[in-house]
Amino acid sequence: MNERAQALAGLDEFRQEAAALRFGLRRYERALERVSRQVERDVPLHEVMGQIGVGDLRADLVERLTRFEEARHRMRAACFRVSLTEGLSIGDIARLWGISRQLASRLVNETAEAPSSPRGLKATSDLPPRLREMVGADTRKT
């Protein structure tokens, strides 16, 4: 697949993952609204959390966040490669996207390396710190 097609595929995948994340967040939000109503009625919190399946909701949200972040990562890398072929410099790309030159360079250069995970991320260390904590917590509990 050429770079432009990869960028289009990355944009589409990211859009789909954003929609899936929105769906998961809405589901979680509705569940928390139910929790709030029940707690206001003096139902013990742990009972309500058990009723809504908070553990499953959390696991689902962590998975959606992880997939969203991975898709964002792949989309940016693909878009950066297209920008390079269109004549932008790493500095131009960094300014355009509001990131450091080092990050832009790393994203462009990592695509030349073989990906080490099925979804293209090198490791969970590439995730934002809070998401990395959530994913790390998730792997310890399973």
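A: Start with α4: its buried residues pack against α3 (54-85) and α5 (101-110). Helices (H or I, at least four residues) are DSSP runs, numbered from the N terminus. Buried means under 20% relative accessible area, exposed over 50%, partly exposed in between (1.4 Å probe, protein chains only).

Q: What kind of model is this, and how are residues numbered?
A: This is a predicted model: local features need pLDDT of at least 70, side-chain atom pairs count only at pLDDT 80 or more, and totals for chains, interfaces and linings use all residues. Residues are numbered from 1 along each chain as its sequence is written, and side-chain values use heavy atoms, with hydrogens and water left out.

Q: Which residues of α4 are buried?
A: Gly91, Ile93 and Ala94, in a helix that covers residues 90-97. Down the axis of α4, these buried residues fall within an arc of 160°, so they line one face. The arc is that of the directions from the helix axis to the C-beta atoms.

Q: And which exposed residues sit on the face turned away?
A: Arg95 and Leu96.

Q: What comes just after α4?
A: Gly98, with a positive phi of about 70°.

Q: New topic. Where is Phe14?
A: In helix α1, residues 3-40. Leaving aside neighbours within four places in sequence, Phe14 is in contact (heavy atoms within 4.5 Å) with Phe68, Ala71, Arg72 and Met75.

Q: Is Glu17 buried or exposed?
A: Buried, at a relative accessible area of 10%. Not counting residues up to four places away in sequence, Glu17 touches Arg67, Phe68 and Ala71.

Technical notes
Helix = DSSP H or I, 4+ residues; strand = E, 2+ residues; numbered from the N terminus.
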